[in-house]
Amino acid sequence: MMNITIPQTDHIKILGVIIDSKLNFIQHVKYVINKATKIFKNLCKFVRPTWGVHPENVDCIYRQVIVPIITYAAGIWGSATRFYSVRQALRSFQRNFAIRAIRGFHTISAVAALALAQFPPLHLIINETFEIHHIKQTGTCNELPDDITLYPKSKVRDLLHPANRVTIKYDEATTQEDTTALINPDAPNIFTDGSKKEDGQAGASFVVMLEGQPPIIKKFKLSRTASVFMCELYAITEALRWLINSDSIEAVIFSDSQSSLKAIQNRSNTDPLVNQIHHMLSHLSSRHTKVQFVWAKAHVGIVGNELADAAAKEAAERKTATLHNFFPLSHAKRLLRQRTLDAWQQEYVSAPQGATTKSFFSSISEIAEFRKYIKISFTITQILSGHGYHKTYLHKYRITEDDRCPCDDETPQDVRHLLEFCPIFFRTREKYTMMCLKRKIEPFKMNTMTKSEDAIKYFTEHVNNIVTHLKQINGT
Ligand SMILES: [Zn+2]
């Protein structure tokens, strides 16, 4: 071009993503890992004089800064995790952070370090981001039947013209007396309710109460993917549809869902059900039907409320085909997160490394539970990882000639021996096990121990006692 030869290149960078000629994005992964490492080093420099790089800070920086940098635009390049080399690079990258976050020895395996630090493997997180992007683009989720699609946002052209939107007010009823006082004897009082059962079954209902007439009860079975919020809104939509088809000139609608009423109150809400409700309210207003909303906090005692509640539950359990077959994005995100955790657990169990950690915890979730109660530290990590100042470790790395404990010059000195049997640490162990006996706790089962604050305290004391005296006892 203009006598200048433009060289060919095998990759370009667009908006922070390196696109290579083979479209495998391996180069991009290398690039982000490099970038995140540099940023972390700079952050460390910056924080040291003021608050130091404490393990908690590493944890915070990792979650809030590093993970977002790595997963940026993963919807585009996330399929690169199918390559073993990419997974490997990500694992060794995050292993460094995990080890710092738990203050562990630099020899700890990635499996144990990630588990103890509670950092889910990055390749799984990237996969998750990739799939969420796919769901947003296609409206379907691989984990769900394909007749259930993503709950869409309303398009701007479908929204009601702002001038026609009705601003609603709602009364609050906290007690049974309040509710009774708000019942209008001359108009239909419509009680709406949504129900979501533990196993995911969902339903909606409304009950019309008219003075001197038997109640009209309507039930709707919704898809398992529906949220409680969707159920509640669906019930209100159907109640309004009934009202439009009746010739009433006024009505009171009771709902126990404040979030639904707030959503309806928000004139610029783009939820499709809310949008539908806005259209219906506008229609009712144009033919001069007055609609009053009531947020009924108390469920008990009011016949209409009780009937609606029972009807929604019954609808949820019906075997009939479901209405409103949508899933909110949050539902898909939950499914994908569960899949990530399952895959992580699988990796944890099947990896050949991390034997000591696995002897304490059979699952990732057990560690999560443990970490809720016990702050991870330099000493605790040594015990839970099996990488520390004890002799089986020192011997393995050829720092000492043998691995035997000085208590009898015979038994291999591993963490189990120190924790449960070694007479040198009898005093703190006795104190701890006595406490466990009193509290009916199995002392060396990590997850029963967390049930008592005193046990946690004495356990920590025992561990600290072991680790601080080991160097001296082993003469290293
Ligand atoms: Zn010993």
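Predicted model: local features only at pLDDT ≥ 70, side-chain atom pairs only at ≥ 80, totals over all residues.
1. Strand β1 (residues 11–14) pairs with β2 in the antiparallel sense, and four bridges join the two. Together β1 and β2 make a hairpin with two residues between them. Leu15 sits in that turn and has a positive phi of about 50°.

2. Do have a look at the backbone here: Leu23 is not a glycine, yet its phi is positive, at about 55°. Leu23 lies in the loop that runs between β2 (17–20) and α1 (26–51). Is Leu23 buried or exposed? There are 9 other C-beta atoms within 10 Å, and a residue with 12 or fewer counts as exposed, so Leu23 is exposed.

3. **Gln118, another positive phi.** Gln118, also a residue other than glycine, has a positive phi near 60°. You will find Gln118 in the loop between α5 (110–117) and α6 (122–138). Its C-beta neighbours inside 10 Å number 17, which means that Gln118 counts as partly exposed.

4. **The six-stranded sheet.** Which order do the strands of the open sheet follow? The order is β4-β9-β8-β5-β6-β7, with mixed pairing across the six strands. At the edges are β4 (170–173) and β7 (216–222), each of which pairs on one side only. From one strand to the next, the twist averages 20°.

5. β5 (residues 189–196) and β8 (residues 250–255) are parallel partners, paired over three bridges.

6. **α6 against α12.** Two packed helices are described by the angle between their axes and the distance between the axes. For α6 and helix α12 (residues 329–350), the axes come within 10 Å and cross at roughly 155°. An angle over 145 degrees counts as roughly antiparallel, so that is how α6 and α12 run relative to each other. The crossing of α6 past α12 is right-handed. On the α6 side, the residues in contact are Leu124, Ile125, Glu128, Glu131, Ile132 and Ile135. They meet Ala332, Lys333, Leu336, Arg337, Thr340, Ala343 and Trp344 of α12. The residues of this contact comprise eight nonpolar, one polar and four charged.

7. **α15 against α20.** How do helix α15 (residues 378–385) and helix α20 (residues 453–474) pack? Their axes are 9 Å apart, at an angle of about 90°. That angle falls in the range from 65 to 115 degrees, and α15 and α20 are therefore roughly perpendicular to each other. From α15, the contact uses Thr379, Ile380, Gln382 and Ile383, while α20 brings Val463, Asn464 and Val467. The residues of the contact between α15 and α20 are four nonpolar and three polar, with no charged ones.

Conventions: Residues numbered from 1 in each chain as written. Buried ≥ 20, exposed ≤ 12 C-beta atoms within 10 Å, placed from the backbone. Pairing = 2+ DSSP bridges. Axes fitted to C-alpha atoms, helices over the stretch in contact; angles between N-to-C directions. Parallel < 35°, antiparallel > 145°, perpendicular 65-115°, else oblique. Left-handed = near helix turned anticlockwise from the far one by under 90°. Contact = placed C-beta atoms within 7 Å. Nonpolar A, V, L, I, M, F, W, Y, C, P; charged D, E, K, R; others polar.
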